[in-house]
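Student: I'd like a close look at one part of this model, the helices, along with some individual residues in and between them. Please take me through it in one go, with the cut-offs behind each term.

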Amino acid sequence: MNVSPRQLRMFLALTASLNFSRTAEQFFVTQPSLSKAIRDLEEELGLRLFERSTRSVKLTESGERLAALARGVIGEFDAGLERLRTSAERASKQLAIASLPSLANVLLPAACSALEARYVDPQITIHDCSNGASIQRLINGQVDFSIASVAPSHPDVHYEEILRDRFVLLSSARWHARVAERMRLDDMVDLPLISMTDSSTAMRYMSAAYLQRGVEFRPKMQFDQVGTIAGFVKQGLGIAVLPYLGTTPLLTLRGLRVSEIVDGPVRSVGIVTRRAGTSTAIAQQAMQEVRTVAGALIERQSEWVLPPSTRRLRPKSP
């Protein structure tokens, strides 16, 4: 049955006013247009809804029965629209981001704080996971965007570099005599280095840097979590080699010193999005907030955090 909600609303308004001219004004249409809409409704239903004369308009018995049904239909329709509006409003505030923990730690708190100031009760989900897992969540449609430290080679995603950070050494007082404030990769070969595990992007950057020198990078110890590395470094069991942004949670620990690797690798950090489809308004705003935070880091930590560049040492994504 080809009956529109607007037709039913016109019909109900006419049952209340019994005046074609007044009802037509109410719906901003001409009187002939309203008359046609009512005739089309009568023909579609096979019922005569109004008795018309030159002086009056009266509702028929069929019209009275239809009016009672139409009020229920329109009521349910309006309630459904309200539920749809509420659901759409709720969905418009939902945001999911996947990121390496070290990047989530420095880039996302300030960005999410700005979003909470801009939106009422935004629903933000952060997945702090490995680089590969964050990209896979994006490809699977589980997140709006990812923050990664290796440009993915997948054809369905786009990588926008937002900053680069240098690799540094983090050492306790026990090793300060052997670890200068400025070190070279060749100076580090015999040091008891502690790095992230082989599956990490940090390990891949360091391995690639040493491979260019024909040397295999073989750290003394490897861990999944930066917090574990911090404990071993603080105890003097080794010297951490990490991207600078990965060390920021540890810089408040007393007795630890950051040293520059003057010829070390530089890690690329970027926003990854799907090529197909359009990002939601809140996702677009979130990405802009992340870019703003990245810009502030580049300005404040210019010794360690560098602006984007198209030329960078970068391991290939698996």
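Tutor: Happy to. This is a predicted model, in which local features need pLDDT of at least 70 and side-chain atom pairs count only at pLDDT 80 or more, while totals for chains, interfaces and linings use all residues. Residues are numbered from 1 along each chain as its sequence is written, and side-chain values use heavy atoms, with hydrogens and water left out.

Let's begin with helix α5, which covers residues 101-118. With 18 residues at 1.5 Å a residue, α5 should span 26 Å, and its end C-alpha atoms are 25 Å apart, which agrees. The expected span is 1.5 Å times one less than the number of residues. There is a kink of about 45° in α5 at leucine 108, shortly before proline 109; the bend is the angle between axes fitted to the seven residues ending at a position and the seven starting there. Leu108 itself is among the buried residues of α5, together with Ser102, Leu103, Ala104, Val106, Leu107, Ala111, Cys112 and Leu115. Buried here means under 20% relative accessible area, exposed means over 50%, and partly exposed is in between (1.4 Å probe, protein chains only).

Now for a pair of helices. The axes of α1 (residues 5-17) and α3 (residues 31-45) come within 10 Å and cross at roughly 105°. Such axes are lines fitted to C-alpha atoms, for helices over the stretch in contact, with angles from 0 to 180 degrees between N-to-C directions. The two helices are therefore roughly perpendicular, the class for 65 to 115 degrees (under 35 is roughly parallel, over 145 roughly antiparallel, the rest oblique). From α1, the residues Gln7, Leu8, Met10, Phe11 and Leu14 meet Leu34, Ala37, Ile38, Asp40 and Leu41 of α3, where contact means heavy atoms within 4.5 Å. By type, the residues of this contact divide into 8 nonpolar, 1 polar and 1 charged. Nonpolar covers Ala, Val, Leu, Ile, Met, Phe, Trp, Tyr, Cys and Pro; Asp, Glu, Lys and Arg are charged; the others, Gly among them, are polar.

Also in α3 is proline 32, which is exposed at 57% relative accessible area. Its C-alpha lies 8.9 Å from that of phenylalanine 20, 12 residues away in sequence.

Leucine 18, in the loop between α1 and α2 (20-26), has phi near 50°, a positive value in a residue other than glycine, and at 35% relative accessibility it counts as partly exposed. Aspartate 121 sits in the loop between α5 and β4 (123-128). It too has a positive phi of about 50° without being a glycine, and at 59% relative accessibility aspartate 121 counts as exposed.

Finally, compare some single residues. Threonine 201, in helix α7 (residues 201-211), is buried at 4% relative accessible area. Beyond residues up to four places away in sequence, threonine 201 touches Leu100, Asn131, Ser149 and Val150; serine 149 is 52 residues away in sequence, yet 6.8 Å away C-alpha to C-alpha. Threonine 252, by contrast, is exposed at 68%, in the loop between α9 (244-247) and β11 (257-261). In strand β11 you find arginine 257, partly exposed at 22%. Setting aside neighbours within four places in sequence, arginine 257 is in contact with Leu169, Leu170, Ser171, His176, Val179 and Ala180.

Methods. Helix = DSSP H or I, 4+ residues; strand = E, 2+ residues; numbered from the N terminus.
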